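Please show the model with its sequence, so that the questions below can be followed on it.

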Amino acid sequence: MVTCKACDLVYVNPRLTMEALAGLYNDQVISYAHYYVKTAPEDARSFAKRLDLIERHLSVSGSVPQAGTRRLLELGCGPGTFMQVARERGWSVRGIDVNAEAVAHCHAAGLDVVTGTFPHAAFEGQRFEVAVMSDFIEHVTDPRAVLAATRAHLVADGLLFLTTPDVGSPLARAAGPRWPHLKPLEHLTYF
């Protein structure tokens with residue numbers, strides 16, 4: 001792991017290719033699907049609060065669409081817990097994840113999810129009111145390209161909701177090398 005002298009961004013160098021990383025995800029070496037299935041009840045409560053925040057922001061901005069027409073794209077959706085919470089509130093949801101086992105859980109729940117990396121041809125020409133990246137951006141090999149592609153899939157006044165571990169947080173600084181988010185095989189960039 002190295003730190004950029006110009007901006008203090010921390011990143012893994014060298015890093016695996018996306019193809020090699022996909023193999024680790026699909027072999028359940030990193031970001032195991034069964035872990036996120038097991039934590040789904042707790043995650044659902046957290047995700048409901050995040051969706052409250054999203055909906056509140058859209059309401060204040062005056063751009064919240066009516067139930068049934070609200071479209072949400074989740075990148076790195078895992079087994080689909082956030083998407084299920086959103087669907088229960090009337091959102092039309094789509095997602096993508098590189099982990100085929102996680103995507104199988106989504107399909108079993110009736111969710112529209114693609115296996116692969118983003119950007120993906122399955123979303124060509126589609127626009128969404130909201131894109132969600134919950135602890136996702138740190139996993140991608142080219143965060144700028146993913147952010148640009150995400151912007152291209154948002155409506156004009158669309159919203160990106162993004163969470164990522166903070167390498168500069170007091171907890172990260174206090175924990176040092178024991179910080180639980182130091183996972184150089186899967187967390188490639190530390191913001």
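Pockets, sheet and backbone

Q: From which element does the largest share of the lining of the second largest pocket come?
A: The largest share amounts to three residues, where lining residues have an atom within 4 Å of a point of the pocket, itself an open set of points on a 1 Å grid over the protein atoms alone that a 1.4 Å probe fits, with protein on both sides within 12 Å along at least five of seven lines. This is a predicted model, in which local features need pLDDT of at least 70 and side-chain atom pairs count only at pLDDT 80 or more, while totals for chains, interfaces and linings use all residues. Residues are numbered from 1 along each chain as its sequence is written, and side-chain values use heavy atoms, leaving out hydrogens and water. The element, one of the helices (DSSP runs of H or I, at least four residues; strands are runs of E, at least two, and both are numbered from the N terminus), is H6.

Q: Which helix gives the largest share of the lining of the largest pocket?
A: The largest pocket holds about 1000 Å³ of space, and among its 45 lining residues Ser31, Gly76, Ser134, Asp135 and His139 are the closest to its centre. At least two lining residues each come from H1 (18-26), H2 (33-38), H3 (40-61), H4 (81-88), strand S4 (92-97) and H6 (143-152). The largest share is four residues, and it belongs to H3.

Q: Which strands lie at the edges of the sheet?
A: The sheet is open, with five strands in the order S5-S4-S3-S6-S7 and parallel pairing, two strands being paired if DSSP finds at least two bridges between them. Neighbouring strands are turned against each other by 20° on average, direction ignored. The strands that pair on one side only are S5 (112-115) and S7 (154-163).

Q: Over how many bridges do S6 and S7 pair?
A: Within this pair, Met133 stands opposite Leu162 in S7. The pairing of S6 (residues 128-134) with S7 is parallel, and its bridges number six.

Q: Which residue in S5 is the bridge partner of Ile96?
A: S4 and S5 pair in the parallel sense over four bridges. Across this pairing, the partner of Ile96 is Val114.

Q: What angle does H6 make with S7?
A: H5 (residues 100-108) packs on the sheet by touching S4 and S5 (contact: heavy atoms within 4.5 Å), and its direction makes about 160° with that of S5. Such angles run from 0 to 180 degrees between N-to-C directions of axes, which are lines fitted to C-alpha atoms, for helices over the stretch in contact. H6 lies across S3 (71-75), S6 and S7, and its angle to S7 is about 140°.

Q: What is the omega of the cis peptide bond that joins Asn13 and Pro14?
A: Pro14 sits in the loop between S2 (10-11) and H1. Another cis peptide bond runs from Phe118 to Pro119, with omega near 5°, and Pro119 is in the loop between S5 and S6. For Asn13 and Pro14, omega is about 0°.

Q: What is the phi of Asp8?
A: Asp8 lies in the loop between S1 (2-3) and S2. Although Asp8 is not a glycine, its phi is positive, at about 70°.

How values were computed. Grid points are joined across faces, edges and corners, and a volume is the space filled by probe spheres set on the points.
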